[in-house]
Amino acid sequence: MSISPSKLNMYLMFKLPAAYFTGVRTRSLDDTTCVVSVKHRWINQNPFKSMFWAVQGMAAELTTGALVIKKITESGKKISMLVASNNATFTKKATGIITFTCKEGHKVDNAIAKAIETGEGQTVWMSAIGINKDGVEVSSFNFEWTIKVKS
């Protein structure tokens, strides 16, 4: 099965409804980059009338996770994946449409190749940057993904 933005959005609706109902949507996905957007609305706001940090986190995690899922699918191997750690920085109030981008698909290629070669679990840190419609960074997330070939 190939992974596409529309398939990821359908997956969200059935498997991650919190992300779907708060407006998280995959816009594009290729070998190196994933773009996800989310619009500030009543359902995803905090008491300060900006986007709740957890909604931003769901969108940011999807950018990195979608690349990991795509690369695992393309490998043809049974590989498990899990977020081991994450951190975030918030630099501006998140209102309007926030677009998260991860451009680190190459890191996943290297980790999967090493996991297959050695049979040992691997970790890879991936970042996603959220920008508003004016091109200003509102938040930055880092996720440590662990991958391991299933035996």
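Predicted model: local features only at pLDDT ≥ 70, side-chain atom pairs only at ≥ 80, totals over all residues.
Lys 70 belongs to helix H3, whereas Asp 31 sits in the loop between S1 and S2, so the pair ties together parts that are 39 residues apart in sequence. Side chains of opposite charge can pair in this way when their charged atoms come close. The count of salt bridges in the model comes to four.

## The sheet and its order

Six strands make up an open sheet, arranged in the order S1-S2-S4-S5-S6-S3, and the pairing is antiparallel. At the edges are strand S1, residues 25–29, and strand S3, residues 79–90, each of which pairs on one side only. On average, neighbouring strands of this sheet are turned by 25° against each other, when direction is ignored.

## Strand pairing in detail

Strands of a sheet pair through backbone hydrogen bonds, and the pairing may be parallel or antiparallel. Here, strand S5 (residues 122–131) and strand S6 (residues 137–149) run antiparallel and are joined by ten bridges. Along this pair of strands, Val 124 has Trp 145 in S6 as its bridge partner, Met 126 stands opposite Phe 143 in S6, and Ser 127 is partnered by Asn 142 in S6. The hairpin of S5 and S6 has five residues between the strands, and in that hairpin Gly 135 takes a positive phi near 80°.

S6 is also joined to S3 by eleven bridges, and these two strands likewise run antiparallel; in this pairing, the bridge partner of Leu 82 is Thr 146 in S6. Between S4 and S5, which run antiparallel, there are three bridges, and Phe 100 stands opposite Gly 130 in S5.

## The largest pocket

About 290 Å³ of space lies in the largest pocket of the model. Its lining consists of 14 residues, among which Tyr 11, Leu 12, Leu 16, Glu 61 and Leu 62 lie nearest the centre of the pocket. Two or more lining residues come from each of helix H1 (5–15) and H3, and H3 gives the most, with six residues. By class, the lining holds twelve nonpolar residues, one polar residue and one charged residue.

Note on methods: Residues numbered from 1 in each chain as written. Heavy atoms only, no water. Pairing = 2+ DSSP bridges. Helix = DSSP H or I, 4+ residues; strand = E, 2+ residues; numbered from the N terminus. Axes fitted to C-alpha atoms, helices over the stretch in contact; angles between N-to-C directions. 1 Å grid on protein atoms, 1.4 Å probe; cavity = no way out; pocket = protein on both sides within 12 Å on 5 of 7 lines; lining within 4 Å. Points joined across faces, edges and corners; volume = space filled by probe spheres on them. Nonpolar A, V, L, I, M, F, W, Y, C, P; charged D, E, K, R; others polar. Salt bridge = Lys/Arg side-chain N within 4 Å of Asp/Glu carboxyl O.
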